[in-house]
Amino acid sequence: MKIKQASLLASAVKKQQYPERKLPEIVLLGRSNVGKSSLINSLVNRKNLARTSGSPGKTRLLNFYLVESEIASNQREFYFVDLPGYGYAKVSQSERSRWLEMIEEFLSSRTDDKYCWQVVDIRHKPSEQDLIMHRILVDAGYRILVIANKADKVSRGARPSQLKVIGEALQINPAEIIAFSSENNDGKQQLLRAVENYLT
Ligand SMILES: Nc1nc2c(ncn2[C@@H]2O[C@H](COP(=O)(O)OP(=O)(O)OP(=O)(O)O)[C@@H](O)[C@H]2O)c(=O)[nH]1
Ligand SMILES: [Mg+2]
């Protein structure tokens, strides 16, 4: 598949602000600073489409990116939905509950068309919040892909044991986890194939 174009279509807090047009949605979930926005940029071949930052908490809204792709000469459109990260320590309790409301409202809307990409850090055992988020996604019956990001930070030799730790914590087969890096685009072809399988 080829990504032909991508643009920010809407930034939303509430349902009323979501784009009217329904399309398949690939949803990026994960801790703040894990690299969700960078991953989108890498997949759509744009340096600064999704705002990224060294300081966590950059993404505060639900950002809908409209992506135009081509699969075997067929034009396919979908959204990447970049969600604000969780687990960011420097937010107040009230901000945290606003966050949860926003995410819950989004996840319970248009459910049949979502593919949830949960991004974790390849270097660490998933956090308590990663586990809670994973459980929510499993219980809701979403199609889920776990991505072990920042793969450039560990040696190739160390990857299998890291994927095993992540797989055990999330109770999934480590072979189903995709190791990815937006620094060197490792795993990018696998992710594009996952998009293609989802859309076809
Ligand atoms: N080494 C390395 N750094 C990465 C990778 N992906 C992202 N980063 C860095 O991690 C930091 C956070 O990246 P973002 O893409 O803004 O993270 P995010 O998950 O969108 O964060 P929030 O918007 O706060 O939820 C930035 O400094 C990125 O350059 C990666 O694959 N490898
Ligand atoms: Mg972000």
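Isoleucine 40 counts as buried, because 24 C-beta neighbours lie inside 10 Å, where a residue is called buried if 20 or more other C-beta atoms lie within 10 Å of its own, exposed if 12 or fewer, and partly exposed in between, with C-beta atoms placed from the backbone. This is a predicted model, in which local features need pLDDT of at least 70 and side-chain atom pairs count only at pLDDT 80 or more, while totals for chains, interfaces and linings use all residues. Residues are numbered from 1 along each chain as its sequence is written, and chains are lettered from A and ligands numbered from 1 in the order in which they are written.

Isoleucine 40 lies in helix H1, where helices (H or I, at least four residues) and strands (E, at least two) are DSSP runs numbered from the N terminus. Leaving aside residues up to four places away in sequence, isoleucine 40 touches Leu28, Leu49, Ala50, Tyr65, Phe80 and Asp82, contact being defined by C-beta atoms, placed from the backbone, that lie within 7 Å. With tyrosine 65, which is 25 residues apart from isoleucine 40 along the chain, the C-alpha separation is 9.0 Å.

The C-alpha trace spans about 45 × 45 × 30 Å along its principal axes. Of the 200 residues, 35% count as buried, and among contacts between residues at least 6 apart in sequence, 71% join residues at least 24 apart.

The seven strands form an open sheet with mixed pairing, in the order E1-E3-E4-E2-E5-E6-E7, where two strands pair if DSSP finds at least two bridges between them. Strand E1 (2-12) and strand E7 (178-179) are the edge strands, each pairing on one side only. Strand E2 (residues 25-30) runs parallel to strand E5 (residues 114-121), to which six bridges join it; here glutamate 25 stands opposite lysine 114, and glycine 30 stands opposite valine 119. E2 also pairs with E4 in the parallel sense, over four bridges, and isoleucine 26 stands opposite phenylalanine 80 in E4.

How many of the six residues of E2 are buried? Six of the six are, so E2 is largely enclosed by the rest of the structure. In a regular strand the side chains alternate between the two faces of the sheet. Both faces of E2 are covered, with Glu25, Val27 and Leu29 buried on one side and Ile26, Leu28 and Gly30 buried on the other.

Beyond residues up to four places away in sequence, leucine 28 touches Lys36, Leu39, Ile40, Phe80, Val81, Asp82, Leu83, Trp117 and Val119.

Ligand 1 is surrounded by 24 residues, of which the closest are Gly35, Ser38, Thr52, Thr59 and Gly85; a residue counts as near if its C-beta atom, placed from the backbone, lies within 6 Å of the molecule. Helix H1 (residues 36-43) gives the largest share of this shell, three residues. By class the shell has three nonpolar, 15 polar and six charged residues, with Ala, Val, Leu, Ile, Met, Phe, Trp, Tyr, Cys and Pro taken as nonpolar, Asp, Glu, Lys and Arg as charged, and the others, Gly among them, as polar.

Two loop residues remain. Asparagine 45, in the loop between H1 and strand E3 (62-71), has a positive phi of about 60° although it is not a glycine, and is partly exposed with 13 other C-beta atoms within 10 Å. Asparagine 185, in the loop between E7 and helix H5 (188-199), has a positive phi of about 65° and is partly exposed with 14 other C-beta atoms within 10 Å.

Notes:
Contact = placed C-beta atoms within 7 Å.
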